[in-house]
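Hi,

Have a look at it first, then read on.

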Amino acid sequence: MNDFVDRLLLQAEQCRLMGSPLTGALLEGAAGDMRAGGVVADLVAPSLDLPAGAVPSLRFAGALHRLVLEGKAPELALHYPSVGGTAHVERVWPAAARACREHLPELQERMTHSVQTNEVGRSAVLFGALGMIPGPVRLLEVGASAGLNLRCDRFAYVTGDLVLGDPSSAVVLEEPWDNEPPVRHDVQVVERRGCDPNPVDPTTADGRLTLTSYVWADQVARLERLRGALDIAARVPATVVQSGALDFLTRELAQGRDDVTTVVWHSVVWQYVDPAERTAVDELLHDVGHSLVRISLEPEPRSYAFRVHATTYPSGRRVHLADALGHGPPVHWTGATIDV
Ligand SMILES: C[S@@+](CC[C@H](N)C(=O)[O-])C[C@H]1O[C@@H](n2cnc3c(N)ncnc32)[C@H](O)[C@@H]1O
């Protein structure tokens with residue numbers, strides 16, 4: 001139990017550092033409540049054995065946010081900017097504790113669901129990289145979640161006086177790059193397919209609620225991007241199949257296509273794929289025999305640095321394309337280019 005309190009406090013600190021004082025206050029309040037044997041001790045009792053990687057603290061924050069989004073906790077909602085409230089970090093916990101008492105079995109059930117996010121800002125990386133590839137692209141995303149980034153060409157990217165992508169888009173990324181990508185072709189995505197072992201359907205009310213609930217409620221810009229992308233997903237189809245990376249790529253890459261460039265993209269996925277599957281995917285891409293490009297945005301091991309790489313096959317030549325933050329912007333291009 002002390003372990004769980006420590007995890008709540010550590011995650012509270014991380015949330016504050018990552019720009020969510022509201023989630024920080026909620027998790028700190030929950031830690032104090034649990035230490036005092038309050039409702040949180042009962043709420044998390046069935047979840048005490050969850051591994052740290054399952055981020056039970058964020059499951060808890062997401063479960064509370066879901067109640068608010070569903071209109072089931074009106075007093076708590078007053079503190080949630082995601083529904084028009086004002087984040088009073090010093091006063092939020094008592095309202096949250098009352099919501100926990102009123103909805104205990106429901107919150108316990110939600111704690112059994114894994115955290116599932118889809119970060120639209122990462123399209124700033126993907127779109128900039130796709131702009132280095134001439135001609136039409138077949139986009140295959142591994143670990144796509146709800147597949148929102150498969151629609152990256154339908155978002156607007158404002159850079160100086162220019163608007164790239166779709167200027168009429170509900171998703172607007174303002175100055176997502178802190179320098180110019182070295183090459184800029186028109187981005188033409190002609191096929192959008194992805195996989196995820198735990199896909200979310202962004203066209204259903206439940207899928208939209210799930211994705212929204214895991215965005216921290218005081219991060220209004222992220223919520224706006226997400227809501228815009230959910231609207232676009234309802235109009236622009238993309239397929240996300242329930243599958244791991246290796247099975248999906250084995251099926252999709254069985255036949256090459258000469259008329260398009262095949263791009264395999266993944267962002268903040270590799271750490272969740274087991275090492276044997278990672279190696280098998282690396283080998284598959286090398287051995288597949290037809291040309292393709294892999295673009296990745298992944299954290300460097302044991303650091304907070306997020307690097308963008310592009311690897312072209314069959315040569316296997318890998319370049320460091322850019323550096324970014326975990327949620328995408330600002331992206332800094334290194335000047336390396338993708339040779340297709
Ligand atoms: C942090 S989320 C990132 C989602 C999305 N790529 C994004 O950037 O918003 C990690 C995703 O990897 C997926 N994942 C976990 N294991 C996987 C595997 N073996 N193959 C493919 N995806 C996997 C998870 O289900 C989850 O959707």
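Thr 117, Asn 118, Glu 119, Val 120, Leu 211, Val 215, Arg 222, Arg 225 and Leu 226 line the largest cavity. Bear in mind that this is a predicted model. The volume of that cavity comes out at about 70 Å³, and searching the whole structure turns up two cavities of 30 Å³ or more. Which element gives the most to the lining of the largest cavity? That would be helix 10 (residues 220–235), with three residues.

Next, Asp 153. You'll find Asp 153 in the loop between strand 1 (136–142) and strand 2 (156–159). Its side chain makes a polar contact with the side chain of Arg 192, at 2.7 Å. If you skip the neighbours within four places in sequence, Asp 153 is in contact with Phe 127, Gly 165, Asp 166, Val 187, Val 189 and Arg 192. Is Asp 153 buried or exposed? Its relative accessible area is 12%, under the 20% cut-off, so Asp 153 counts as buried. For a sense of scale, Trp 93 is 60 residues away from Asp 153 in sequence, and the two C-alpha atoms are 41 Å apart in space.

As background, most residues other than glycine have a negative phi, and most peptide bonds are trans. Here are the places that depart from that:

- The peptide bond from Tyr 313 to Pro 314 is cis, with omega near 15°. Pro 314 sits in the loop between strand 9 (306–313) and strand 10 (317–325).
- Pro 329 and Pro 330 are joined by a cis peptide bond as well, with omega about -5°. Pro 330 belongs to strand 11 (residues 328–333).
- Glu 175 is not a glycine, yet its phi is positive, near 45°. Glu 175 lies in the loop between strand 4 (172–174) and strand 5 (188–196), and is partly exposed, with a relative accessibility of 41%.
- Val 268 has a positive phi too, of about 50°. Val 268 is in the loop between strand 7 (261–267) and helix 12 (275–287), and is buried at 16% relative accessible area.

Last one: helix 4. Helix 4 runs over residues 56–69, and from first C-alpha to last its 14 residues reach 20 Å, close to the 20 Å expected at 1.5 Å a residue. Helix 4 is mostly covered, with 13 of its 14 residues buried. Just after helix 4 comes Gly 71, with a positive phi of about 75°.

Cheers

Notes:
Residues numbered from 1 in each chain as written. Predicted model: local features only at pLDDT ≥ 70, side-chain atom pairs only at ≥ 80, totals over all residues. Heavy atoms only, no water. Helix = DSSP H or I, 4+ residues; strand = E, 2+ residues; numbered from the N terminus. Buried < 20%, exposed > 50% of the residue type's maximum accessible area, 1.4 Å probe, protein only. Expected span 1.5 Å × (residues − 1). Contact = heavy atoms within 4.5 Å. Polar contact = N/O pair within 3.5 Å; in protein donor to acceptor, adjacent residues only side chain to side chain. 1 Å grid on protein atoms, 1.4 Å probe; cavity = no way out; pocket = protein on both sides within 12 Å on 5 of 7 lines; lining within 4 Å. Points joined across faces, edges and corners; volume = space filled by probe spheres on them.
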